[in-house]
Amino acid sequence: MDEIYERLRRRLDELATGFPATKSGVELKLLKKLFSPEDAEMFLQLGLLPETAREVALRTGGDETAVASRLESMAGKGLLFRQRGPHGPAYHIVPFIVGIYEFQVNSLTPELLKDVSEYYLSGLGQTFHSTRTPHLRTIPINSGLVSSLPIAPYDDAVAIVERKDRIAVAQCFCRKAVRMYGKGCDHSLETCLQFDSYADYYVDNGMARPLSRDEAVSILTRNEKEGLVIQVLNSRNIEAMCSCCSCCCGMLVALKLFPAQFRDPKSSYVCVSDALSCRGCGSCAGRCPVGASKIKDGKSVLREEKCIGCGLCVTSCPEQARSLVKKSPDRLYTPPESLFEAYADMSAERSKREGIDP
Ligand code: SF4
Ligand code: SF4
């Protein structure tokens, strides 16, 4: 029976964020917890492009009713992504992170967390953070914080929300996980916005509730006041928007360890500080999620190489001594159009480095 889980592991390892083998075999233990052997067989027959149950049945020679039932059950368990289409629901596979793991937001258990933590430290974390193409990008809440215009439409959180027709809000996976350990912070839990097909999937699975645009902007504004960093999935067509704290978000914690070139694509902006206006109140240092602001000799000191351009210090500076400026063209990163393309870029990077065929 282990053979099917090893094949599933290898398939997941081919996807953007990887699923490497470890000495302990904790990754197989994890897969057995989440997938039945029948689920694993179905996952292996699917691709990254959405297909209806009828298309899968025709392609694989399966019974359409049985295939539809298996696909729906797997989508309900967060093992596949499901989107609404003109011919009914369509399904496709997703990486373990960001994807299957985050889709367990309603079924997290201490045992699952323990296994994922062990796996993250013994292999998954290294693979996940090994690509220069980022999973998430940091954006400011709105263009008012940026002194060098124009700002790209995918770089303004409020403008993104105001263009969306379908919006939902879910609980923050990271904060929920850390609280399960009996740790964490007092930040709001219902903070993460989903859009379009992500909103449909989260709402249909009971993982989020639908919101109007005004409600979504209110949540974003509250999140910003709480000092949460806005991070979006890496694409120009934004499908999910997290509001992260540096105590619970694995991405923000890991950022403090990354070399600068891995941080650059995280944001189009970097903060600048006007020393003449600064009166050394320390608000910026208290708000900065990555330790890029410090107070020295009664003035703020900015470590630009650490800054992720979130703008949290800009909105809280009482002297308007802080602003965001666009990075120089050689440091600017244009996100791919879709998450699908971002995943393809990550897979290509990993294949090149590991010397395997994409
Ligand atoms: S918040 Fe503004 S005034 Fe206060 S230390 Fe920072 S830059 Fe200076
Ligand atoms: S200095 Fe810190 S708080 Fe200010 S924009 Fe940069 S990362 Fe954000």
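Which residues are closest to ligand 2? In this predicted model, local features need pLDDT of at least 70 and side-chain atom pairs count only at pLDDT 80 or more, while totals for chains, interfaces and linings use all residues. Residues are numbered from 1 along each chain as its sequence is written, and chains are lettered from A and ligands numbered from 1 in the order in which they are written.

Ligand 2 is surrounded by 14 residues, the closest being Cys271, Cys288, Cys307, Cys310 and Cys313; a residue is near a molecule if its C-beta atom, placed from the backbone, lies within 6 Å of it. This shell holds 10 nonpolar, 3 polar and 1 charged residues (Ala, Val, Leu, Ile, Met, Phe, Trp, Tyr, Cys and Pro count as nonpolar, Asp, Glu, Lys and Arg as charged, and the others, Gly among them, as polar). Around ligand 1 there are 14 residues, of which Cys278, Cys281, Ser283, Cys284 and Cys317 come nearest. The shell of ligand 1 divides into 6 nonpolar, 5 polar and 3 charged residues.

Turning to the overall layout, the chain is divided into domain 1 (2-128), domain 2 (136-255) and domain 3 (260-326), with bounds from an automatic or database domain assignment. Domain 2 gives 18 residues and domain 3 gives 19 residues to the contact between them (two residues are in contact if their C-beta atoms, placed from the backbone, lie within 7 Å). The C-alpha centres of these two domains, domain 2 and domain 3, lie 21 Å apart. On the side of domain 2 that touches domain 3, the residues divide into 10 nonpolar, 5 polar and 3 charged.
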